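Hi,

Here is the model I said I'd pass on.

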Amino acid sequence: MKNIADHLFDILENSVKAGASEVKVKFSFSKRIFFCQIIDNGSGIISSNVEDPFFTTRKTRRVGLGLPLLKKTAEETQGYLKISRLNKEGGTKLEFIINFFHIDAKPFGDLARVFLDALYSWPQMNFKLIAQNDFSSDVIMDTEKVKEKLGEDLLYSSQIKHFIYETIKKELRAKGIDDQFSIGSEKDNY
Ligand SMILES: Nc1ncnc2c1ncn2[C@@H]1O[C@H](COP(=O)(O)OP(=O)(O)O)[C@@H](O)[C@H]1O
Ligand SMILES: [Mg+2]
């Protein structure tokens, strides 16, 4: 995992595997502190052991590393990772902080690409992305609305793909969330 985008894709994949139909992602970037909250409506965390690298419900590989690695990435910058069950019925809330003052902070990576990949890898899922800074909070992408407006045919045209990608990128950049921002981008620990 060399950047935040890699971690994000892993978290979204976890939500998909947990049978979620909707994932809400909120980014907030203020004074070099990146806060990310992800809420899904999947089956919900079934064990408080998820930060343990030997806990996984997947059958193909014995070790579940996504969350322990994210925890490490966050804690290396004096940040944190918190995961909890949303309610009795299920759902998961995950929150993490990366402190970009810290020399060990990993770069953002291409976050817009992650949402584009998610939209096209799991067309049945709805992803909503909200980004905020000290000045404003905006819905940057709502794939349910995008799919509704465009319809299947248009959605898969390469121009539309490109447009969606560039729009997310531009909106994130307007909130200061830009791969160019990060420090230490030459590091690749894994
Ligand atoms: N959003 C989620 N909803 C329900 N369970 C989850 C979610 N995210 C993670 N989990 C649980 O935590 C385990 C560990 O996740 P992770 O560290 O990403 O490893 P892996 O995905 O390889 O199993 C998963 O196997 C799953 O049981
Ligand atoms: Mg995973």
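Predicted model: local features only at pLDDT ≥ 70, side-chain atom pairs only at ≥ 80, totals over all residues.

Residues are numbered from 1 along each chain as its sequence is written, and chains are lettered from A and ligands numbered from 1 in the order in which they are written.

**Overall**

The chain has 5 helices and 6 strands. These are DSSP runs numbered from the N terminus, with helices being H or I of at least four residues and strands E of at least two. Along the sequence the pattern reads α-β-β-α-β-β-α-β-β-α-α. Of the 190 residues, 32% count as buried. For that label, a residue needs 20 or more other C-beta atoms within 10 Å of its own; 12 or fewer makes it exposed, anything in between partly exposed, and the C-beta atoms are placed from the backbone. If you take contacts between residues at least 6 apart in sequence, 64% of them join residues at least 24 apart. A contact here means that two C-beta atoms, placed from the backbone, lie within 7 Å.

**Helix 1**

Helix 1 covers residues 4-17, and at 1.5 Å a residue its 14 residues should span 20 Å. The end C-alpha atoms are 20 Å apart, which agrees. (The expected span is 1.5 Å times one less than the number of residues.)

Its buried residues are Ile 4, Ala 5, His 7, Leu 8, Phe 9, Ile 11, Leu 12, Asn 14 and Ser 15. As a reminder, an α-helix has 3.6 residues a turn, so residues three or four places apart point the same way. The cover over the buried residues of helix 1 includes strand 1 (22-30), strand 2 (33-40), helix 2 (66-75), strand 4 (90-99) and helix 3.

Asn 14 sits in helix 1 and is buried because 24 other C-beta atoms lie within 10 Å. Its C-alpha is 9.7 Å from that of Asp 40, which is 26 residues away along the chain. After helix 1 comes Gly 19, with a positive phi near 80°.

Met 1 is in the segment before helix 1. With 20 C-beta neighbours inside 10 Å, Met 1 counts as buried. The C-alpha atoms of Met 1 and Lys 106 are separated by 9.2 Å, although the two residues are 105 apart along the chain.

**Helix 3 and its two partners**

What does helix 3 pack against? One partner is helix 1: the two pack at an angle of about 25°, with axes 8 Å apart. That makes helix 1 roughly parallel to helix 3. Axes are lines fitted to C-alpha atoms, for helices over the stretch in contact, and angles run from 0 to 180 degrees between N-to-C directions. Angles under 35 degrees count as roughly parallel, over 145 as roughly antiparallel, 65 to 115 as roughly perpendicular and the rest as oblique.

Ile 4, Ala 5, Leu 8, Phe 9 and Leu 12 in helix 1 meet Leu 111, Arg 113, Val 114, Asp 117 and Ala 118 in helix 3. The residues of this contact divide into 8 nonpolar, no polar and 2 charged. (Nonpolar is Ala, Val, Leu, Ile, Met, Phe, Trp, Tyr, Cys and Pro; charged is Asp, Glu, Lys and Arg; the others, Gly among them, are polar.)

Another partner is helix 5: helix 3 (residues 111-121) and helix 5 (residues 158-174) pack at about 140°, with their axes 8 Å apart. That makes helix 3 oblique to helix 5. Leu 111, Ala 112, Arg 113, Phe 115 and Leu 116 in helix 3 meet Lys 161, Ile 164, Tyr 165, Ile 168, Lys 169 and Leu 172 in helix 5. Sorted by type, the residues of this contact are 8 nonpolar, no polar and 3 charged.

**Loop between strand 1 and strand 2**

Most residues other than glycine have a negative phi. Lys 31, in the loop between strand 1 and strand 2, has a positive phi of about 45° although it is not a glycine. Arg 32, also placed in that loop, has a positive phi near 65°. Lys 31 counts as exposed, with 10 C-beta neighbours inside 10 Å, whereas Arg 32 is partly exposed, with 15.

Cheers
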